[in-house]
Amino acid sequence: MTNHANNPTVGGKTSMKTIREAINDALREEMRRDPTVIVLGEEVSGGAGCEGEDDAYGGVFGVTKGLMPEFGRERVIDTPISEAAIIGAAAGAANNGLRPVAELMFFDFIGVSFDQIFNQAAKFRYMFGGKSKTPMVIRGTVGGGWRAGAQHSSMLHSIVTHVAGLKVVMPANAYDAKGLMVQAIRDDDPVIFLEHKVMYDNACEVPDEQYCIPFGEASFPRQGSDVTIVAISNMVTHAITVADILAKEGISCDVIDPRTVSPLDHEAILESVEVTGRLVIIDEGNPRCGLASDIAGIVAEHGFYSLKAPIRTVTAPHTPVPFAPELEDAYLPNADKLMIAVREVLAAGPSGA
Amino acid sequence: MPYSTEFLLSVYRTMKTIREFEERCVKEFEGGNVPGFTHVSNGQEAIAVAACIDLSDKDIIGSTHRGHGHCIAKGCDVGGMMKEIMGRSTGLCKGKGGSMHIADIDKGMLGANAIVGGGPPLVNGAALAAKTLGTKNVALSFNGDGSANQGTVFEAMNMAVVLKLPHIFVYENNGYAEGTAANYGVGSNSLTDRNAGFGMPAECVDGLDFFATYEALKIATERARNGGGPTAIEAMCVRFDGHFIGDPQLYRAKDEVKNARKNQDCIKIFRERVISEGWLKAAAMNAIDKEIMAEIETAVVDALAAPHPDPATDLMSDVYCSY
Ligand SMILES: Cc1ncc(C[n+]2csc(CCOP(=O)(O)OP(=O)(O)O)c2C)c(N)n1
Ligand SMILES: [Mg+2]
């Protein structure tokens with residue numbers, strides 16, 4: 001059985017926190033600790049120039065609520081609707097002494113600002129021979145389940161993972177969300193921090209004090225030796241569901257949540273497959289050139305002789321996200337689809353399970 | 001009488017249809033019949049109608065996330081729209097688009113757009129096609145005080161001037177982009193001055209006044225049709241509802257919406273004007289009201305009874321290839 005340190009506990013008090021609150025805590029504490037941390041984006045406070053209440057939204061998902069009243073509009077900056085200028089300003093400020101946390105609201109809006117991300121921010125460190133650092137975070141919500149339609153539901157982590165120079169973080173619980181956000185802010189490279197919109201209210205015990213979760217270290221929500229399931233972001237929920245059902249049948253699943261897609265904890269996945277010989281990857285992204293096929297490729301290349309059965313991937317189909325609830329539900333990977341794939345993998349191969 | 005009775009009745013009918021459609025959308029949303037999130041345009045009806053009433057099905061419009069009014073003004077079927085908003089397979093986009101993605105190419109409705117500023121470059125393309133093919137058709141984009149600050153919109157305006165495209169840029173300035181005031185988000189003191197800086201005729205009109213808006217748009221449309229290039233019209237207006245249905249609107253002043261509904265209602269203003277001028281009788285408009293209520297009721301009843309999409313056949317249709 002693979003055995004890795006999982007969620008090293010920080011001393012001191014913990015409280016029940018949602019992912020929304022955990023990210024808010026991380027931002028607030030880092031802003032208190034470091035005056036160079038700023039937050040900018042559309043409606044990160046809300047109410048700019050209006051007659052009604054200030055901090056009217058605190059981000060459209062309420063993640064940055066309360067920051068503006070504490071730190072003022074100089075450090076919590078409501079911007080015009082100009083994503084290219086928002087991301088460019090964050091990158092330029094990061095090169096010049098600030099640690100900006102820029103919000104893209106829905107990560108689908110990356111399209112408007114993509115040059116500033118992939119040609120600019122991502123390349124500075126390398127292209128300038130290591131002379132420049134770009135300590136910035138870009139936050140955005142990803143994923144389906146909200147009936148938000150094709151332009152507000154995309155899961156675009158693979159696009160940014162493909163870009164050298166970007167770190168890509170996708171927390172699946174409040175504990176990870178806080179520790180990864182603190183790390184993202186303190187990190188000297190551009191970090192893409194992707195929050196799944198259906199997960200904001202998910203809660204767990206979170207230490208009150210600040211702590212960092214290093215990038216590139218997977219966590220193991222369930223440990224087992226019969227089959228490896230790799231899942232990230234909201235897909236971790238489904239992986240745990242499947243693992244718990246199979247546990248009752250005496251089948252043990254090793255559920256790996258890489259937590260960061262870039263850097264990716266290859267070793268954890270390869271070590272697990274060495275034990276289980278069976279691998280299923282569940283991913284909400286589209287199937288081509290995606291996280292699932294990427295991990296499958298890594299294991300096929302480096303863990304081929306451990307495999308007892310073909311690798312299976314469970315992904316969204318190769319379409320945009322449909323609006324109608326029946327179609328969106330059919331589009332999204334879920335526990336049922338994962339269960340079918342896991343059972344197939346368990347039954348496949350020379351000996352079966 | 002400067003306008004025909006037929007024209008005035010048609011204007012009234014369309015404005016009122018938009019109003020009732022939007023009010024009913026709010027009700028159906030609150031009743032749980034509309035999935036996702038929805039932006040309604042009640043309060044801004046005069047602009048949609050003024051912009052579209054002289055356009056043919058061959059003239060193209062590009063809309064925004066707040067697009068129901070533009071669709072109705074451009075002639076989209078309200079039944080098909082209601083079905084789309086409720087995610088039914090007989091909706092205008094088979095339930096795959098939803099409120100923010102209603103499109104009806106046969107009606108020259110290029111699509112609502114959930115990406116702020118996504119439309120104007122595409123509308124430039126429609127204008128370029130019209131110009132290149134010599135069709136004399138025009139293209140019109142709806143923009144907001146918020147989307148006005150998007151680089152895509154700046155680029156589209158400049159290119160429209162450079163290529164002398166038949167593109168009318170309509171800016172619905174309702175004072176807000178979500179919870180950000182236009183007077184904060186638009187750095188220039190005047191959006192219209194900024195628009196003029198691109199080198200196109202630019203005008204600011206009272207968007208609550210159908211007639212003022214229509215007259216400005218008529219000139220702009222004729223200019224575009226006759227090869228005179230783009231125009232920008234900023235129409236000042238009021239958003240009666242939240243940014244989205246359910247928006248608590250904490251950023252608005254107390255009683256702002258109540259007062260606006262009372263004193264800044266473009267449909268009331270239209271009615272008062274046509275009655276006081278003696279152009280239309282109240283009874284004629286009241287009769288239209290009744291018909292519209294029945295039409296919207298039918299649209300809702302039909303939509304609620306309409307079939308849901310079938311994942312087995314509909315999820316993987318309209319894709320060029322699947323894996
Ligand atoms: C590229 C992009 N950025 C941000 C948003 C989120 N958003 C949707 S509507 C809106 C405000 C638009 O304001 P305005 O253009 O004035 O139109 P209005 O809502 O007033 O009709 C924002 C910020 C979006 N949908 N797309
Ligand atoms: Mg606006």
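The radius of gyration is taken over C-alpha atoms, and the globule rule is 2.2 Å times the number of residues to the power 0.38. With 323 residues, chain B would have a value near 20 Å as a compact globule, and its 19 Å agrees with this. This is a predicted model, in which local features need pLDDT of at least 70 and side-chain atom pairs count only at pLDDT 80 or more, while totals for chains, interfaces and linings use all residues. Residues are numbered from 1 along each chain as its sequence is written, chains are lettered from A in the order in which they are written, and side-chain values use heavy atoms, without hydrogens and water.

**Chain B as a whole**
- Chain B contains 13 helices and seven strands, which are DSSP runs numbered from the N terminus (helices: H or I, at least four residues; strands: E, at least two).
- The C-alpha trace of chain B spans about 55 × 50 × 40 Å along its principal axes.
- Of the 323 residues of chain B, 58% count as buried, that is, under 20% relative accessible area with a 1.4 Å probe and protein chains only.
- Among contacts (heavy atoms within 4.5 Å) in chain B between residues at least 6 apart in sequence, 72% join residues at least 24 apart.

- A pocket is an open set of points on a 1 Å grid over the protein atoms alone, where a 1.4 Å probe fits, with protein on both sides within 12 Å along at least five of seven lines; lining residues have an atom within 4 Å of a point.

- Of its 26 lining residues, B:N173, B:G175, B:A182, B:N183 and B:M236 lie nearest the centre.
- Helix 7, strand 7 (231–236) and helix 10 (256–263) of chain B each supply at least two residues of this lining.

**Residue B:N143**
- B:N143 lies in strand 2 of chain B and counts as buried because its relative accessibility is 2%.

Methods:
Buried < 20%, exposed > 50% of the residue type's maximum accessible area, 1.4 Å probe, protein only.
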